Amino acid sequence: MAGFLGEYEVSLDSKNRFLVPSGFRKQLAEGEDNAFVISRGMGKMLSLYTKAAWEIFDAKLSSLNDFNPNVANFVRVMRGGATEVQLDSAGRMLVPKPLQVHAGLDKDLVFSAMGDKVEIWDKDTYYNHIAQTSANIEDLANGIFGDNPFK
């Protein structure tokens, strides 16, 4: 699979679950079960991986030099809250309370595809972040790609 696409608004219910968007579920590779790993993301959001994508990411974490304090701190944050979650029979997913607190998730969320993973954001935080980032998108693109991004 090339990766996930899309941006979906979802809501947490009173039991800290949200309905995984059908548009996302349709993108799952055939044979993938309903097991995922949810962890802290790079910033005030959560990252959601399929089990297969998490195993690849986790192998990369394992290959890092954990005698380097920066590596140890990074791995600690990424693995520390990682939790296996599953879709229930209604297609809902539970957000563990510590991860919910970490990301500042209240009720309204955005489920945003990022290739091999999905980011889960508080809705207001996400749209504020997108607005701030979009205001500087030309500078970001130039810094990443240089003058000719499609050489």
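Helices (H or I, at least four residues) and strands (E, at least two) are DSSP runs, numbered from the N terminus. In a regular strand the side chains alternate between the two faces of the sheet. Because 5 of the 5 residues of β4 are buried, β4 is largely enclosed by the rest of the structure.

This is a predicted model, in which local features need pLDDT of at least 70 and side-chain atom pairs count only at pLDDT 80 or more, whereas totals for chains, interfaces and linings use all residues. Residues are numbered from 1 along each chain as its sequence is written, and side-chain values use heavy atoms, with hydrogens and water left out.

## The sheet

The open sheet has 6 strands in the order β1-β7-β8-β4-β3-β5, with antiparallel pairing; two strands pair if DSSP finds at least two bridges between them. β1 (7-11) and β5 stand at the edges, each with a single partner strand, so one side of each is left without a neighbour in the sheet. From one strand to the next the twist averages 30°, where axes are lines fitted to C-alpha atoms, for helices over the stretch in contact, and angles run from 0 to 180 degrees between N-to-C directions.

β1 and β7 are joined in the antiparallel sense over 5 bridges, and the bridge partner of Glu9 in β7 is Val110. β4 and strand β8 (residues 117-122) pair in the antiparallel sense over 4 bridges, with Glu119 in β8 as the bridge partner of Ser47. In the hairpin of β3 and β4, which has 5 residues between the strands, Gly43 takes a positive phi near 125°. A further 4 bridges join β3 to strand β5 (residues 83-86), again in antiparallel fashion, and here Val37 stands opposite Glu84 in β5. Strand β3 (residues 35-40) is itself mostly covered, with 5 of its 6 residues buried.

## Helices against the sheet

Helix α2 (residues 51-62) has 12 residues and reaches 16 Å from its first C-alpha to its last, close to the 16 Å expected at 1.5 Å a residue, the expected span being 1.5 Å times one less than the number of residues. Within α2, Ala53, Trp54, Phe57 and Leu61 are buried. These residues cover an arc of only 100° around the axis, which puts them on the same side of α2; the arc is that of the directions from the helix axis to the C-beta atoms. On the other side of α2, Ile56 and Ser62 are exposed.

The buried residues of α2 pack against β3, β4 and α3 (69-80), contact meaning heavy atoms within 4.5 Å. Helix α5 (residues 123-135) lies across β1, β7 and β8, running at about 105° to β8.

## Aromatic rings

The structure holds 10 aromatic pairs, where rings of Phe, Tyr and Trp (its six-membered ring) pair if their centres lie within 6.5 Å, and planes under 30 degrees apart count as stacked, over 60 as edge-to-face and the rest as tilted. Phe24 and Phe36 form a tilted pair, 6.2 Å centre to centre with 40° between the planes. This pair links distant parts of the chain, with Phe24 in helix α1 (residues 22-25) and Phe36 in strand β3, 12 residues apart. Both Phe24 and Phe36 are buried. The rings of Tyr49 and Phe57 have their centres 5.3 Å apart and their planes at 15°, so this pair is stacked. Tyr49 is buried with a relative accessible area of 2%, and Phe57 counts as buried at 18% relative accessibility.

Ring pairs also link Phe4, Tyr8, Phe18, Phe24, Phe36 and Phe111 into a cluster. Phe111 is found in strand β7 (residues 108-113) and counts as buried at 1% relative accessibility. Not counting residues up to four places away in sequence, the residues that Phe111 touches include Tyr8, Phe18, Phe24, Leu48 and Glu119. The C-alpha atoms of Phe111 and Leu46 are separated by 9.6 Å, although these residues lie 65 residues apart along the chain.

Definitions and conventions: Buried < 20%, exposed > 50% of the residue type's maximum accessible area, 1.4 Å probe, protein only.
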